[in-house]
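Hi,

Here is the structure I said I would pass on. Have a look at it first, and my notes come after.

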Amino acid sequence: MRPLTDEETKTMFEKLSKYIGENIKLLVDRPDGVYCFRLHNDRVYYMSEKILKLATNVARDKLVSVGTCFGKFTKTGKFRLHITALDFLAPYAKFKVWVKPGTEQSFLYGNHVLKSGLGRITENTSQYQGVVVYSMADVPLGFGVAAKTTQECRRMDPMSIVVFHQADVGEFIRNEDTLT
């Protein structure tokens with residue numbers, strides 16, 4: 001396990017800023033202690049420094065996971081967020097989308113959100129902006145990318161895609177063997 005390089009940190013923070021904006025500093029500067037990001041087997045983990053010190057007692061080849069997995073770096077060097085980061089993204093999300101109860105299951109099976117299933121959307125959401133998807137009961141279901149702006153959503157066809165699916169909590173069941 002090692003600290004992220006400057007390039008890796010920049011790539012990861014650019015991806016996180018699509019979802020939580022300037023609230024990234026709230027992840028690192030927390031009142032309950034010092035938290036950090038570490039890289040292990042191309043995956044980025046978020047943990048307190050207390051946990052980090054305890055993890056140094058375990059050999060790298062024996063260590064499977066420590067802290068919360070925020071995502072992984074692909075072979076091309078891009079950063080891909082994992083659903084395990086949702087608990088940290090949801091409270092700080094700048095742009096949100098709420099889906100109707102009938103659409104929740106469709107989204108949890110990995111489908112995009114259509115205009116007909118859109119309950120609400122945050123004002124001034126721009127196109128290709130990262131959004132956190134909620135149920136109408138304010139339960140975070142996953143995250144995606146806005147396919148259209150808020151203004152375009154108002155005058156769209158009901159079968160048009162509003163949010164491109166990226167990750168959802170249903171992945172815990174569908175991909176339980178590969179999630180760490």
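Below is what turned up when I went through the model, from the overall fold down to single residues.

Before anything else, keep in mind that this is a predicted model.

**Overall picture**

The chain is built from 7 helices and 12 strands. Its radius of gyration is 17 Å, close to the 16 Å that the globule rule gives for 180 residues, so the chain is as compact as a globular protein of that length. If you want box dimensions, the C-alpha atoms fill roughly 55 × 35 × 35 Å along the principal axes. Of the 180 residues, 42% count as buried. Taking contacts between residues at least 6 apart in sequence, 59% of them join residues at least 24 apart.

There is one annotation to go with this. UniProt, in an unreviewed entry, lists residues 95-170 as "domain: PUA". In the model that span is 17% helix and 41% strand, and its end C-alpha atoms lie 21 Å apart.

**The cores**

In soluble globular proteins, nonpolar side chains tend to be buried together. Here the largest nonpolar core has 28 residues. The ones with the most contacts inside that core are Met12, Leu16, Phe37, Val44, Leu81, Leu89 and Phe143. Helix H1, residues 6-20, gives the most to this core, with 4 residues. Apart from it lies another core, of 15 residues, with Val99, Leu118, Ile121 and Cys153 among them.

Leu16 sits in helix H1 and is buried, at a relative accessible area of 0%. Leaving out residues up to four places away in sequence, Leu16 touches Gly21, Ile24, Phe37, Phe70, Leu81 and Leu89. For a sense of scale, Leu16 and Ser116 are 100 residues apart in sequence and 28 Å apart in space, C-alpha to C-alpha.

**Cysteines**

How many disulfides does the model have? The count comes to 0 disulfides. Cys36 is in none, and the nearest cysteine sulfur, that of Cys69, is 14 Å away. A disulfide needs the two sulfur atoms within 2.5 Å. Cys36 is buried, with a relative accessible area of 8%. Cys153, which we met in the 15-residue core, is buried too, at 3%.

**Salt bridges**

Side chains of opposite charge can pair when their charged atoms come close.

- Arg2 with Glu8, at 2.8 Å. Arg2 is partly exposed at 31% relative accessibility, whereas Glu8 is buried at 16%.
- Lys10 with Glu14, at 3.8 Å. These two are 4 residues apart in helix H1, which means that about one helical turn separates them. Both ends are partly exposed, Lys10 with a relative accessible area of 48% and Glu14 with 44%.
- Glu123 with Arg154, at 2.4 Å. Glu123 lies in the loop between strand E9 (118-121) and strand E10 (130-135) and Arg154 in helix H6 (residues 150-154), so the pair ties together parts that are 31 residues apart in sequence. Glu123 is partly exposed at 43% relative accessibility.

**Backbone points to check**

Where do you find positive phi values in residues other than glycine? Asn124 is one of them, with phi near 60°. Asn124 is found in the loop between E9 and E10, where Glu123 is also located, and Asn124 is exposed at 61% relative accessible area.

Asp138 also has a positive phi near 60°. Asp138 lies in the loop between E10 and strand E11 (140-146) and is partly exposed, at 47% relative accessibility.

That's everything from my side.

Cheers

How values were computed. Residues are numbered from 1 along each chain as its sequence is written. This is a predicted model: local features need pLDDT of at least 70, side-chain atom pairs count only at pLDDT 80 or more; totals for chains, interfaces and linings use all residues. Side-chain values use heavy atoms; hydrogens and water are left out. Buried means under 20% relative accessible area, exposed over 50%, partly exposed in between (1.4 Å probe, protein chains only). A nonpolar core is a set of buried Ala, Val, Leu, Ile, Met, Phe, Trp, Tyr and Cys residues joined through side-chain atoms within 4.5 Å. UniProt positions are given in the numbering used here, feature names are shortened, and annotations may be inferred rather than shown by experiment. A salt bridge is a side-chain nitrogen of Lys or Arg within 4 Å of a carboxyl oxygen of Asp or Glu. The radius of gyration is taken over C-alpha atoms; the globule rule is 2.2 Å times the number of residues to the power 0.38. Contact means heavy atoms within 4.5 Å.
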